[in-house]
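Hi,

Here's the structure I promised to pass on.

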Amino acid sequence: MRYLLILSLLFAAHGARADTVFATETLRAKQIVTADLVDIQTTDVRGAATSLDDVVGFELKRAVYAGKPILLSNLERAALVERNQRVRVLYKKGLLKIEIEARALERGAVGDFIEVMNLSSRKTIIAEVLKNGHLSVSP
């Protein structure tokens, strides 16, 4: 029993080692992370990404310098629609289909609900970002 206690204290003192994702070059804010921009090293960094699946395809909120770990709190889903981008907004109900052109008033990733302005009426509406970059309005 005494040996188990000593072993547990030794491991607790040194901390557990885990895979951590590091930037191989300086990455700027809003850059989409790809596998060739990161490297995995065995070290313990609290709050850091531990696998490529945690970071690849995500967008950085802030810049990460070469050799620094990529923190999970610094990642967000990649935006598909940028602020001030012209977008198509679709409304479907039964056989009725209306399509308008609008301007995005904020950034958004797939599945996000963002505010857009109808270019012909200048009214603002909330629409959902779709996979193809268009937006959808539900009844």
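Predicted model: local features only at pLDDT ≥ 70, side-chain atom pairs only at ≥ 80, totals over all residues.

Now try the cut-off on Asn-118, which sits in strand S7 (residues 113-118). Is Asn-118 buried or exposed? Its relative accessible area is 13%, so Asn-118 is buried. Which residues does Asn-118 touch, if you skip its neighbours within four places in sequence? Those contacts are Ile-100, Glu-101, Ala-102 and Lys-123.

Next, zoom out to the strands. S7 belongs to a barrel that five strands close, in the order S5-S6-S7-S8-S9, with mixed pairing. On average, neighbouring strands of this sheet are turned by 50 degrees against each other, ignoring direction.

With strand S6 (residues 96-104), S5 pairs in the antiparallel sense over eight bridges. Find Lys-92 and you'll see that its bridge partner in S6 is Lys-97. The hairpin of S5 and S6 has two residues between the strands, and Gly-94 in this hairpin takes a positive phi near 65 degrees.

Then there's the pairing with S9. Strand S5 (residues 86-93) runs in the parallel sense with strand S9 (residues 135-137), over three bridges. Here Leu-90 has Ser-136 as its bridge partner, while Tyr-91 stands opposite Val-137.

Cheers

How values were computed. Residues numbered from 1 in each chain as written. Heavy atoms only, no water. Pairing = 2+ DSSP bridges. Helix = DSSP H or I, 4+ residues; strand = E, 2+ residues; numbered from the N terminus. Axes fitted to C-alpha atoms, helices over the stretch in contact; angles between N-to-C directions. Buried < 20%, exposed > 50% of the residue type's maximum accessible area, 1.4 Å probe, protein only. Contact = heavy atoms within 4.5 Å.
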